[in-house]
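Here are my notes on the model, as numbered points. Have a look at the coordinates first, then read on.

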Amino acid sequence: MPLTMPMAVVEPFGRLAFVHVGMGDFTENGPLAALSSTGTRENVGYSVLGLRSASVLQAAGMQITPHASVAWQRAFGDLEPATTLVFATAGIGFEVFGVPIVRDSALIAAGLSVAVADDATIDFAYSGQIADDLSDNAISGRLDWRF
């Protein structure tokens with residue numbers, strides 16, 4: 001339920017997600033470097049709890065909408081993806097590891113939307129995921145023109 005204040009609206013939010021990645025067994029054909037695998041299955045869940053806020057301002061005849069959100073994301077399940085492969089002709093096996101998934105991180109977003117005309121809006125935004133061993137940042141811009 002949003003909390004409406006004179007200059008802004010603040011709203012708590014949450015979400016849950018479950019991701020399942022599965023690969024069946026396979027055997028490649030070919031000399032020396034052909035691989036085989038008995039398959040793999042990875043399951044990861046995510047929970048997110050946070051707050052988002054937005055307000056609407058008028059300046060120079062344009063509607064300006066600043067918005068921001070901050071959240072805590074928790075991942076659980078198979079956080080260290082790995083699979084075992086075997087050279088089909090030699091029978092020698094080895095493990096391949098993926099990038100570990102961060103258990104706890106902060107999700108941060110902020111942006112500004114400017115209605116430059118009745119049918120055109122310019123958006124600028126930042127989004128980031130920050131943890132002890134991770135920093136993932138993005139800046140984006142967008143022009144919407146409705147005709």
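1. Aromatic pairs first: this predicted model has 2 of them, counting rings of Phe, Tyr and Trp (its six-membered ring) whose centres lie within 6.5 Å. Planes under 30 degrees apart count as stacked, over 60 as edge-to-face and the rest as tilted. Phenylalanine 87 and phenylalanine 94 make a tilted pair, because their ring centres are 5.3 Å apart and their planes sit at 40°. Tryptophan 145 and phenylalanine 147 are also tilted, at 5.2 Å centre to centre and 50° between the planes.

2. How covered are those rings? Buried means under 20% relative accessible area, exposed over 50%, and partly exposed in between (1.4 Å probe, protein chains only). Phenylalanine 87 is partly exposed at 28%, and phenylalanine 94 is partly exposed at 30%. Tryptophan 145 comes out exposed at 57%, and phenylalanine 147 is exposed at 87%.

3. Some bookkeeping before going further. Residues are numbered from 1 along each chain as its sequence is written, and side-chain values use heavy atoms, with hydrogens and water left out. Since the model is predicted, local features need pLDDT of at least 70 and side-chain atom pairs count only at pLDDT 80 or more, while totals for chains, interfaces and linings use all residues.

4. On secondary structure, the protein has 12 strands and 0 helices. These are DSSP runs numbered from the N terminus (helices are H or I, at least four residues; strands are E, at least two).

5. Now the overall shape. The radius of gyration is 23 Å, whereas a compact globule of 147 residues would be near 15 Å; the radius is taken over C-alpha atoms, and the globule rule is 2.2 Å times the number of residues to the power 0.38. The C-alpha trace spans about 75 × 35 × 25 Å along its principal axes. Of the 147 residues, 23% count as buried.

6. What about contacts along the sequence? Taking contact as heavy atoms within 4.5 Å, 54% of the contacts between residues at least 6 apart in sequence join residues at least 24 apart.

7. Arginine 146 is worth a click. It lies in the segment after strand E12 (134-145) and counts as partly exposed at 44% relative accessibility. Not counting residues up to four places away in sequence, arginine 146 touches Asp118, Asp119, Ala120 and Thr121. Threonine 89 is 57 residues from arginine 146 along the chain, and their C-alpha atoms are separated by 60 Å.

8. Is serine 36 buried or exposed? Serine 36 is buried, with a relative accessible area of 17%. Beyond neighbours within four places in sequence, serine 36 is in contact with Phe26, Thr27, Thr84, Leu85, Val86 and Ala88.

9. One backbone item to check. Most residues other than glycine have a negative phi. Alanine 60, although not a glycine, has a positive phi of about 55°. Alanine 60 is in the loop between strand E6 (57-59) and strand E7 (62-77), and it is exposed, at 75% relative accessible area.

10. Last, charges. The 7 positive and 15 negative charges have mean positions 7 Å apart. Lys and Arg count as positive and Asp and Glu as negative, with His and the chain ends not counted; each charge is placed at NZ of Lys, CZ of Arg, CG of Asp or CD of Glu.
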